[in-house]
Amino acid sequence: MAAKRKAEVDQKSCVACGACAKACPIGAVAVWKGMWAKVDTGRCVGCGRCEKACPASVIRMKEVEA
Amino acid sequence: MKKKKWYDYLWIVSATYLILGFFNILFAWIGLLCFFIPLLLAIFGGDKLYCNRYCGRGQLFDLLGNKFHLSRKKDIPGFLRSKRFRYGFLIFFFIMFFQMLFNTYLVFQGTNSLKEAVTLLWTFRLPWNWAYHGTAAPWVAQFAFGFYSVMLTSTVLGLVTMALFKPRSWCVYCPMGTMTQTICKAKYSCMGCGRKKKYRREPLT
Ligand code: SF4
Ligand code: SF4
Ligand code: SF4
């Protein structure tokens with residue numbers, strides 16, 4: 001089976017602005033307690049919109065085994 | 001697509017605010033809301049709900065950069081998103097803010113007279129006398145000019161970084177954003193201490 005893509009946040013550098021959450025079409029990423037963004041990997045479909053929106057460019061798409 | 005909520009239109013409020021300041025500087029006082037609401041939400045709510053939902057400025061940059069294609073959408077340089085720059089800018093912003101408050105005080109005291117000007121980027125003094133109609137005490141107007149200068153300066157900086165990098169680049173070094181995130185982190189770690197638990201970074205999920 002092909003590897004899937006999931007968003008991954010570098011939480012140390014995240015500025016918790018929430019641009020990713022606004023960009024995500026299915027609400028799979030949210031800012032947690034005003035500190036950094038967390039991805040719900042179970043729901044993330046790997047579309048990459050959050051990666052494009054993140055002003056700090058701290059989201060990377062990671063290949064994971066399906 | 002997600003359905004738009006009323007708070008997705010707060011960029012209209014932000015834009016209107018900047019425009020009103022051209023006609024009557026006293027409207028600048030309303031901008032205090034953009035200082036107190038995020039801080040109160042961070043202190044009592046423990047989150048960045050303001051940034052994440054209500055901030056019209058962030059929405060405005062998003063709109064101009066994405067819908068109007070006014071952004072190159074390039075990665076922001078590393079130093080601009082470094083902790084050192086973000087906190088350094090916050091401190092600089094605080095110093096300039098207190099200087100503005102001190103100016104207001106000097107006018108209140110009568111030491112200085114009212115200067116009907118807006119200072120852009122803490123340097124360039126723009127005449128702005130048409131926006132003051134002598135309807136308020138001089139110190140009230142002085143604060144309005146000072147506060148509007150802060151708001152206009154941050155908008156200009158935000159527009160420049162929006163154009164050069166990603167639309168919401170301002171949010172990376174926005175003093176309010178840095179401050180609310182710091183409060184949230186402090187609050188969380190304090191809660192951890194209260195429960196006699198060590199503050200640990202949540203594992204990457
Ligand atoms: S990759 Fe797409 S689905 Fe996954 S969190 Fe980002 S925006 Fe949401
Ligand atoms: S857009 Fe980037 S910096 Fe902003 S909350 Fe999401 S991951 Fe963090
Ligand atoms: S970081 Fe600043 S400009 Fe961005 S959403 Fe938060 S308060 Fe608004």
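Which side chains of chain A meet in a salt bridge at 2.9 Å, N to O? The legends below begin with that pair. This is a predicted model, in which local features need pLDDT of at least 70, side-chain atom pairs count only at pLDDT 80 or more, and totals for chains, interfaces and linings use all residues. Residues are numbered from 1 along each chain as its sequence is written, chains are lettered from A and ligands numbered from 1 in the order in which they are written, and side-chain values use heavy atoms, with hydrogens and water left out.

**View 1. A salt bridge in chain A.** The partners are A:Glu8 and A:Lys62. A salt bridge here is a side-chain nitrogen of Lys or Arg within 4 Å of a carboxyl oxygen of Asp or Glu. This pair links distant parts of the chain, 54 residues apart: A:Glu8 belongs to strand β1 (residues 4–9) and A:Lys62 to strand β4 (residues 59–64). Over all chains, the structure holds 2 salt bridges.

**View 2. The surroundings of ligand 1.** Look for 13 residues around ligand 1, the closest being A:Cys24, A:Cys44, A:Cys47, A:Gly48 and A:Cys50. A residue counts as near if one of its heavy atoms lies within 4 Å of the molecule. By class, this shell has 10 nonpolar, 2 polar and 1 charged. Ala, Val, Leu, Ile, Met, Phe, Trp, Tyr, Cys and Pro count as nonpolar, Asp, Glu, Lys and Arg as charged, and the others, Gly among them, as polar.

**View 3. The surroundings of ligand 2.** Here 14 residues surround the ligand, and the closest are A:Cys14, A:Cys17, A:Gly18, A:Cys20 and A:Cys54. The shell around ligand 2 comprises 13 nonpolar residues, 1 polar residue and no charged ones.

**View 4. Ligand 3 and chain B.** Among the residues around ligand 3 are B:Cys51, B:Cys55, B:Cys171 and B:Cys174, along with B:Arg57 and B:Arg168. In chain B, α3 (49–54), α7 (170–173) and α8 (175–194) each give two or more residues to this shell. Helices (H or I, at least four residues) and strands (E, at least two) are DSSP runs, numbered from the N terminus. The shell around ligand 3 divides into 7 nonpolar, 1 polar and 2 charged residues.

**View 5. Where chain B meets chain A.** In this view, 30 residues of chain B are in contact (heavy atoms within 4.5 Å) with 32 residues of chain A. Across this interface the rule finds 0 salt bridges.
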